[in-house]
Amino acid sequence: MNANLTKNILALVAMSILFNCTLEPEEDSINTFSVTEDLELSENTIPPPCPGFDPTARLINNGSSIFSFEIYTSEGEFLAGEYGIGPGETSEWLPFEEGEVLFSLESEFETDIKLSQDMESCDTFSMEIDQDNQLVGM
């Protein structure tokens, strides 16, 4: 008798749990999908998470030359780099140590472009090359 009573109680508890669960209507799921359908996200468009992370930088190349992008300390120590950033491409977000840094951009047709910047934890720095292969945006 006790075994049947225990089974009945467990069955009632299970049914109670099932009846208390709710499902979202299918229409809500479809609407949510259609809102985010046109949103294009990639590693290049999403800044890295924070707080407490190293600063990051990237290069957006809207020019006609292939660029190399390097980051150095103010003392000249190499921190990070990406090479072969072609026309219409954007480099990855490059993390590096905080402090005074030197950004160096080079291409086969342009002289070396150097820019000094003080960077703190969680800072992001995005540089842009225009159609004339000149640094225009920061």
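Start by selecting Asp112, which is partly exposed at a relative accessible area of 35% (partly exposed lies between buried, under 20%, and exposed, over 50%, with a 1.4 Å probe and protein chains only). Before you go on, note that this is a predicted model: local features need pLDDT of at least 70, side-chain atom pairs count only at pLDDT 80 or more, and totals for chains, interfaces and linings use all residues. Residues are numbered from 1 along each chain as its sequence is written, and side-chain values use heavy atoms, leaving out hydrogens and water.

**Stop 1: the salt bridge**

A search of the whole structure finds 1 salt bridge. Lys114 is partly exposed, with a relative accessible area of 45%.

**Stop 2: the sheet**

Now show the strands (DSSP runs of E, at least two residues, numbered from the N terminus). An open sheet is built from 4 strands in the order S3-S2-S5-S6, with antiparallel pairing (two strands pair if DSSP finds at least two bridges between them). Its edge strands are S3 (78-85) and S6, each pairing on one side only. On average, neighbouring strands of this sheet are turned by 15° against each other, direction ignored (axes are lines fitted to C-alpha atoms, and angles run from 0 to 180 degrees between N-to-C directions).

Zoom in on S5 (residues 99-107): 7 bridges join S5 to S6, and the two run antiparallel. To see one of them, select Gly99, whose bridge partner in S6 is Met119.

**Stop 3: Asp123**

Where does Asp123 sit? Look in the loop between strand S6 (113-119) and strand S7 (124-129). Asp123 is partly exposed, with a relative accessible area of 29%. The side chain of Asp123 reaches the backbone nitrogen of Glu120 at 2.7 Å. Leaving aside residues up to four places away in sequence, Asp123 touches Pro55, Thr56 and Asp118 (contact means heavy atoms within 4.5 Å).

**Last stop: confidence**

Finally, colour by pLDDT (the predictor's confidence in each residue, from 0 to 100). The protein averages 77, and 61% of the residues score at least 70. Select residues 26-39: pLDDT is below 50 here, and the stretch has 1 contact in the model beyond near neighbours in sequence. Where pLDDT is low, the predicted coordinates should not be read in detail.

Conventions: Polar contact = N/O pair within 3.5 Å; in protein donor to acceptor, adjacent residues only side chain to side chain. Salt bridge = Lys/Arg side-chain N within 4 Å of Asp/Glu carboxyl O.
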